[in-house]
Amino acid sequence: KAVVSTQSTGVHAIPLRSSWVMTCTYAPSGNFVACGGLDNLCSIYNLKTKEGNVKVTRELAGHNGYLSCCRFLSDKQILTSSGDTTCALWDIETGQQTTALEGHEGDVNCISLAPDGNTFISGSCDTSSKLWDIRDGMANQTFYGHELDINAISFMSNGLNFATGSDDATCRMFDIRSDQEVACYGGEHIICGITSVAFSKSGRVLFAGYDDFNCHVWDTLKMERAAALVGHENRVSCLGVNEDGVALCTGSWDSFLKIWN
C-alpha cells in the first residue's frame with residue numbers, strides 16, 4: 001500500500017497493484033500523488049476528489065520494465081524512468097506518452113528535475129548520468145566517473161551542480177558548466193553502496209543514505225565526512241530535505257521514517 005498523509009484529508013492507505021513499490025512523489029500543487037514499481041505502471045491518485053476519498057486518476061502504461069522513479073512537472077505532466085533503459089514524458093489528462101527519452105545503455109534508476117523545470121538529470125546502471133532538455137527530448141550532456149550502478153541523483157538548488165550515489169561506495173558531484181566531475185565523497189571506511197542523496201538548502205552539505213544502515217553527512221567543499229546519522233536497523237532506502245531546509249527525513253527497510261534536525 002501507499003500511505004499518504006495530508007493536513008486537509010488525513011491519512012490514507014491506498015491499495016496498489018504491485019507489492020513492490022519503488023517510487024512515489026507528490027505533485028507540486030499537492031493535488032496528486034504518483035507511484036510505481038514492478039508493475040511497470042505509473043499510477044496517479046487524486047487526493048482532492050469531491051467525494052473525499054483517494055482514487056486512481058490515471059494508470060500510465062508504456063514502459064517495458066519496472067518503474068524506478070517518477071517526478072511531476074505539473075498536474076498535467078509527469079516524468080518517469082524505467083528499467084527498460086528509457087525515460088518518458090507523459091500527458092496525465094490523456095494518459096499518453098508524449099516523449100520517449102532514449103540514450104542510456106542500462107536501467108535508468110533515478111531522475112531529478114532542475115529548478116527551472118526545463119531540464120532533468122538521470123542516473124543509470126550503465127554508470128553514466130545524462131542531462132536532458134525536456135523541451136526537445138535530447139540528452140545534451142553525459143557525465144562519467146562512477147564504476148558501478150548509479151542509484152541516486154539530485155540537483156543542487158542552484159541548478160548548476162548535481163550529486164550522484166553509486167554501488168561503487170562513492171558519491172560524486174558534477175558541474176554542468178564545466179561538463180565534469182568536481183568532487184568525490186568516499187573513503188576506506190565506507191565499503192557499501194549508496195541508495196539516496198539530497199543536498200541541504202545551501203548546498204554546503206550532502207546527505208547520503210547507505211546500505212550500512214546509516215546516513216552519512218558530507219561537507220561538499222572540504223570533501224570530508226562531517227557526521228553520521230545512526231539509528232536505523234536496516235539499509236536507508238530513501239531520504240529528503242524539506243523545502244525550507246530545516247529538517248531531513250530518512251526512510252529505511254526497518255519500516256521506520258526518522259526526522260532529523
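The following legends describe close-up views of a predicted model.

Local features are given for residues with pLDDT of at least 70 and side-chain atom pairs for pLDDT 80 or more, whereas totals for chains, interfaces and linings use all residues of this predicted model. Residues are numbered from 1 along each chain as its sequence is written, and side-chain values use heavy atoms, with hydrogens and water left out.

**View A. The open sheet β23-β24-β25 is built from three antiparallel strands.** Strands are DSSP runs (E, at least two residues; helices are H or I runs of at least four), numbered from the N terminus, and two strands pair if DSSP finds at least two bridges between them. Strands β23 (236–241) and β25 (257–260) stand at the edges with a single partner strand each, so one side of each has no neighbour in the sheet. Neighbouring strands are turned by 20° against each other on average, direction ignored; the axes are lines fitted to C-alpha atoms, for helices over the stretch in contact, and angles run from 0 to 180 degrees between N-to-C directions. Strand β24 (residues 248–252) is joined to β25 by four bridges. Gly251 stands opposite Leu257 in β25.

**View B. Tyr185 and Trp218 form a tilted aromatic pair.** Rings of Phe, Tyr and Trp (its six-membered ring) pair if their centres lie within 6.5 Å; planes under 30 degrees apart count as stacked, over 60 as edge-to-face and the rest as tilted. By this rule there are seven aromatic pairs.

**View C. Phe143, Phe155, Phe162 and Phe174 form one aromatic cluster.**

**View D. Charged side chains sit over the rings of Trp253 and Phe256.** The criterion is that NZ of Lys or CZ of Arg is within 6 Å of the ring centre and within 35 degrees of the ring normal. The charged end of Arg235 is 4.5 Å from the ring centre of Trp253. Lys258 lies over the face of Phe256, 5.9 Å from the ring centre.

**View E. Thr195 lies in strand β19 (residues 194–199).** Thr195 counts as buried because its relative accessibility is 12%. Its side chain makes a polar contact of 3.1 Å with that of Ser196 (a pair of N or O atoms within 3.5 Å; within protein, one must be able to donate a hydrogen and the other to accept it, and residues adjacent in sequence count only if both atoms are side-chain atoms). Beyond its neighbours within four places in sequence, Thr195 is in contact (heavy atoms within 4.5 Å) with residues including Asn151, Tyr210, Arg235 and Cys238.

**View F. Gly193 is placed in the loop between β18 and β19.** With 6% relative accessibility, Gly193 counts as buried. Not counting residues up to four places away in sequence, Gly193 touches Ser166, Asp167, Gly209, Tyr210 and Asp211.

**View G. Asn234 is placed in the loop between β22 (224–229) and β23.** Asn234 counts as partly exposed, at 27% relative accessibility. Residues up to four places away in sequence aside, Asn234 touches Phe213, Ser252, Trp253 and Asp254.

Notes
Buried means under 20% relative accessible area, exposed over 50%, partly exposed in between (1.4 Å probe, protein chains only).
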